[in-house]
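Here is a short briefing to read alongside the model. Take a moment with the view below before going through the points.

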Amino acid sequence: MSRWELKNQAKGALRDNFGSKMLLFIIPIIMGILGGGNGMKQSMDYNASFDNVPSSVWMAVSFATLLIVILMIVVALFVSVVTVGAIFNYIKIFRGERNNPQFKNVFGPFYDGSAGKIILLNIVKGIIFVVLMFIPIIGWAVGIYLALGWSQSTYVLFDQLEEDRYSGVMNVLSESATMMKGLRGDYFIFKFSFFWWYVLYGISGGLAGFWTTPYLNMASIAYYENIGK
């Protein structure tokens, strides 16, 4: 199926009741706006002299910093789960299994036990990519190759959970890589065809995400659904 047809499938799946479908991604959209805008800028003069600052103040600052870091990690994990929760709902929408989605549906992974599996999948991929990032050229090339091969892992995870055949993160990644054999280049071109949508998202400070986020995610699902067809 051509890229044009895949994009039309995505638009068709979003056409009816778009507002409710867009709201499924409202949390990552808002986070994108906060991250893409000016945000809160903090600065610290590391060249200043702190010789006279009491140790108790340093302890309080260190503790507060630790709490902030922990909070950021918790928020990031929460957003990753609800984002995947929205993707899971989009798969059902694309397949015609859910016509009237509700915002509360994105929290499904917290109730059905899949949240831990989603987090573990993201952590495993994240660790591998971070390690590869520190290996110039070869590591970067391997990282790109793996990223393209694992690009369908979220959708594979959904199907494995739905079909009760989930047996671990590596099995999810392996199935995704198998699906993408011979398709890595094609998928890269498919994603690159949205270049101007990414530009629009960037220059709008994330505001374009109210349309681009649902559209790009549904288009990616359309690609997954049509692999091998």
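In which helix does Gln160 lie? Gln160 belongs to helix 8, residues 153-162; helices here are DSSP runs of H or I with at least four residues, numbered from the N terminus. This is a predicted model, in which local features need pLDDT of at least 70, side-chain atom pairs count only at pLDDT 80 or more, and totals for chains, interfaces and linings use all residues. Residues are numbered from 1 along each chain as its sequence is written, and side-chain values use heavy atoms, with hydrogens and water left out.

**Gln160**
- Gln160 counts as buried because its relative accessibility is 0%; buried means under 20% relative accessible area and exposed over 50%, with partly exposed in between (1.4 Å probe, protein chains only).
- Beyond its neighbours within four places in sequence, Gln160 is in contact with Arg165, Tyr166, Ser167, Asn171, Val172 and Glu175, where contact means heavy atoms within 4.5 Å.

**Helix 1**
- Helix 1 covers residues 3-15, and its buried residues are Leu6, Lys7, Ala10, Ala13 and Leu14.
- These buried residues line one face of helix 1, because they fall within an arc of 120 degrees seen down its axis; the arc is that of the directions from the helix axis to the C-beta atoms.
- On the face turned away from that buried side, helix 1 carries the exposed residues Trp4 and Arg15.
- Just after helix 1, Asn17 takes a positive phi of about 55 degrees.

**Helix 10**
- Arg184, Tyr187 and Phe190 are buried in helix 10, residues 184-192.
- The buried residues of helix 10 also fall within an arc of 120 degrees, so they line one face of the helix.
- Their cover includes helix 1, helix 7 (138-149), helix 9 (169-179) and helix 12 (209-225).

Key. Helix = DSSP H or I, 4+ residues; strand = E, 2+ residues; numbered from the N terminus. Expected span 1.5 Å × (residues − 1).
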